[in-house]
Amino acid sequence: MTLSPQLLEILVCPKSKAPLEYHAGPPEVLVCRESRLVYRVEDGVPVMLIEEAEPLDESRYPARDG
């Protein structure tokens, strides 16, 4: 995991303010289930721009249990 646990605890979706789910990838991404957006992580830096997020594809990033 390239993102620190402390960073993951404070990051939220800029659109919905909901918590994000980390997927180590490849590609490394942060997923927001509420807004159904996927934010990429480039060189360990989350790109948290709504206009650069991709729509969530549930088959590619299935929900995690628990």
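# Questions and answers on this chain

Q: Of the contacts in the chain with a separation of 6 or more, what percentage comes from residues 24 or more positions apart?
A: Contact means that heavy atoms lie within 4.5 Å. This is a predicted model, in which local features need pLDDT of at least 70 and side-chain atom pairs count only at pLDDT 80 or more, while totals for chains, interfaces and linings use all residues. Residues are numbered from 1 along each chain as its sequence is written, and side-chain values use heavy atoms, with hydrogens and water left out. For residues 24 or more positions apart, the share of these contacts is 31%.

Q: Which element of the chain has the highest mean pLDDT?
A: pLDDT is the predictor's confidence in each residue, on a scale from 0 to 100. Over the chain its mean is 92, and 95% of the residues reach 70 or more. Among the elements, helix α1 (residues 5–10) has the lowest mean, 92, while the highest, 98, belongs to β5.

Q: In what order do the elements of the chain run from the N terminus on?
A: Helices (H or I, at least four residues) and strands (E, at least two) are DSSP runs, numbered from the N terminus. The chain has one helix and five strands. Written from the N terminus, their order is α-β-β-β-β-β.

Q: What is the radius of gyration of the chain?
A: Along the principal axes, the C-alpha atoms fill a box of roughly 25 × 25 × 20 Å. The globule rule is 2.2 Å times the number of residues to the power 0.38, and the radius of gyration is taken over C-alpha atoms. For 66 residues the rule gives 11 Å and the chain comes close to it, so the chain is as compact as a globular protein of that length, with a radius of gyration of 11 Å.

Q: What percentage of the 66 residues in the chain is buried?
A: A residue is buried under 20% relative accessible area, exposed over 50% and partly exposed in between (1.4 Å probe, protein chains only). By that cut-off, the buried part of the 66 residues is 35%.

Q: Which residues does M48 contact, leaving aside its neighbours within four places in sequence?
A: M48 sits in the loop between β4 (45–46) and β5 (54–55). One of its partners is L20, 28 residues apart from M48 along the chain, with 11 Å between the two C-alpha atoms.

Q: Is G25 buried or partly exposed, and at what relative accessibility?
A: The C-alpha atom of G25 is 19 Å from that of V12, 13 residues apart along the chain. G25 counts as partly exposed, with a relative accessibility of 46%.

Q: What is the relative accessible area of D43?
A: D43 is found in the loop between β3 and β4. Its phi is positive, about 50°, although D43 is not a glycine. D43 is exposed, with a relative accessible area of 84%.

Q: What is the relative accessibility of R36?
A: R36 has its place in the loop between β2 and β3 (37–42). Its phi is near 60°, a positive value in a residue other than glycine. R36 counts as partly exposed, at a relative accessibility of 40%.
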